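User: I am new to protein models and would like to learn how to read one feature at a time. Could you take me through this one, giving the general idea before each case?

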Amino acid sequence: MGLQAAGRRSLVDTVVEALRAQLVAGEWKVGERIPTEHALAEQLEVGRNTVREAVRVLVHAGMLRSRQGEGTFVVSATDPGAVMRGVQRAGIRDVLEVRIALEAEAARLAAVRHEPADLERMQAALDAQAHLEGADGQPVHGNLELHADHDVAFHRAVVEAAHNAALTATYGWFSSSVREALVTALDDQAIPKIVHGDHHAVMTAIASGDPEAAERATRALLDKPKRAVETLLDGR
């Protein structure tokens, strides 16, 4: 199976895709050693250096693992990078559904674990957001992205107040999708805009130490835009 490409970088990318396709198809099972560089180079009709670079890419992606003196073994038949790209491209509704799952639990934990500094960060984010709003309480159009940044900062502060490292890390890589969905929603007149009262309700519930109230407030905050998006999708 010869591979043709315009340049070296393109050829490496082509080999990466060829090997990734074989991994996903189950050509080599998880835990199994893949063929040697020499064998793969002959199979793909490319140089060994090209194969070496392609394998390195898949090691960094978490699909392969190299063991000194033993070879390279299959770790996963699923490309984590592809999963991440799927999340980043998820629609607003998908993002909101995941946000509800993550943030509702985070708010519950934050109600019993928060520290004064956590509440200060939440308040600072809301104050910064308020400075970007017009007389109607809505973000000025030119400030949509910065407004979204402060909104994400508030919700990250809520998640961090749960003091759960795994939850914080998960929300950290997901936050880019949250921000992208927020910017899109802010620019869509059919989707309800951010209401400070709803945010303050979340913060107040957390400050009161009531986990049930914190979860309810968080679900109420995110359920409004979710229902609006579902209505729009049903109408298409």
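Analyst: Read along the sequence, the protein chain follows the pattern α-α-α-β-β-α-α-α-α-α-α-α, which comes to 10 helices and 2 strands. Helices (H or I, at least four residues) and strands (E, at least two) are DSSP runs, numbered from the N terminus. This is a predicted model, in which local features need pLDDT of at least 70 and side-chain atom pairs count only at pLDDT 80 or more, while totals for chains, interfaces and linings use all residues. Residues are numbered from 1 along each chain as its sequence is written, and side-chain values use heavy atoms, with hydrogens and water left out.

User: How do the axes of helix α5 and helix α10 cross?

Analyst: Axes are lines fitted to C-alpha atoms, for helices over the stretch in contact, and angles run from 0 to 180 degrees between N-to-C directions. Here the axes of α5 (residues 92-113) and α10 (residues 211-234) come within 7 Å and cross at roughly 175°. Therefore α5 is roughly antiparallel to α10, since angles under 35 degrees count as roughly parallel, over 145 as roughly antiparallel, 65 to 115 as roughly perpendicular and the rest as oblique.

User: Which classes of residue make up the contact of α5 with α10?

Analyst: Ala, Val, Leu, Ile, Met, Phe, Trp, Tyr, Cys and Pro count as nonpolar, Asp, Glu, Lys and Arg as charged, and the others, Gly among them, as polar. By class, the contact between these two helices has 13 nonpolar, 1 polar and 10 charged residues.

User: How many aromatic pairs are there?

Analyst: Rings of Phe, Tyr and Trp (its six-membered ring) pair if their centres lie within 6.5 Å, and planes under 30 degrees apart count as stacked, over 60 as edge-to-face and the rest as tilted. The count comes to 2 aromatic pairs. Y171 and F174 form an edge-to-face pair, 6.4 Å centre to centre with 70° between the planes, and both lie in helix α8 (residues 165-186), 3 residues apart. W173 and F174 also pair edge-to-face, at 6.4 Å centre to centre and 85° between the planes.

User: Is F174 buried or exposed?

Analyst: Buried means under 20% relative accessible area, exposed over 50%, and partly exposed in between (1.4 Å probe, protein chains only). F174 counts as buried because its relative accessibility is 3%, whereas W173, with a relative accessible area of 38%, is partly exposed. In the protein chain, buried residues make up 40% of the 236 residues.
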